[in-house]
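Please read this short briefing on one protein model.

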Amino acid sequence: MEAFAGFESRFRYDIVGHSGETDALDLVKKKSPPASARERFEVVQQMFFHSSGCVSGDSTLSATIRAVREVASEDADDRFVFVITDANLAQYGVGPAEMAAALQE
């Protein structure tokens, strides 16, 4: 968010979290990015509070598929999906082949 601050007219982005409870926790919507340091901090707080109270589990694979499909449906010069997870994917039966397939959805 800090890197995009001041470049809202050039870049559109969403930040969507995932957890054992959901594969789509909307944190930042592309039409309303956080406009101040305080609003960006509130997004980080929301991430922290959600992760502190959510049930065990992982939605990395379904969140990745959802993100790739959503980004592919957008009209844009370039599209990127960044997947960040702290899950032990092997514990949930997700291997490199499944993750690669999700990214190529």
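A salt bridge is a side-chain nitrogen of Lys or Arg within 4 Å of a carboxyl oxygen of Asp or Glu. The model is predicted, so local features need pLDDT of at least 70, side-chain atom pairs count only at pLDDT 80 or more, and totals for chains, interfaces and linings use all residues. Residues are numbered from 1 along each chain as its sequence is written, and side-chain values use heavy atoms, leaving out hydrogens and water.

**Salt bridges**
- The whole structure contains nine salt bridges.
- One of them joins R40 to E2, with the closest N and O atoms 2.6 Å apart.
- R40 lies in helix α1 and E2 in the segment before β1, so this pair ties together parts 38 residues apart in sequence. (Helices are DSSP runs of H or I, at least four residues, and strands are runs of E, at least two, numbered from the N terminus.)

**Helices α2 and α3**
- The axes (lines fitted to C-alpha atoms over the stretch in contact, with angles from 0 to 180 degrees between N-to-C directions) of α2 (residues 60-72) and α3 (residues 96-103) come within 8 Å and cross at roughly 20°.
- α2 and α3 are therefore roughly parallel to each other, a term for angles under 35 degrees.
- In contact (heavy atoms within 4.5 Å) are T60, L61, T64, I65 and V68 of α2 with E98, M99, A102 and L103 of α3.

Key
Parallel < 35°, antiparallel > 145°, perpendicular 65-115°, else oblique.
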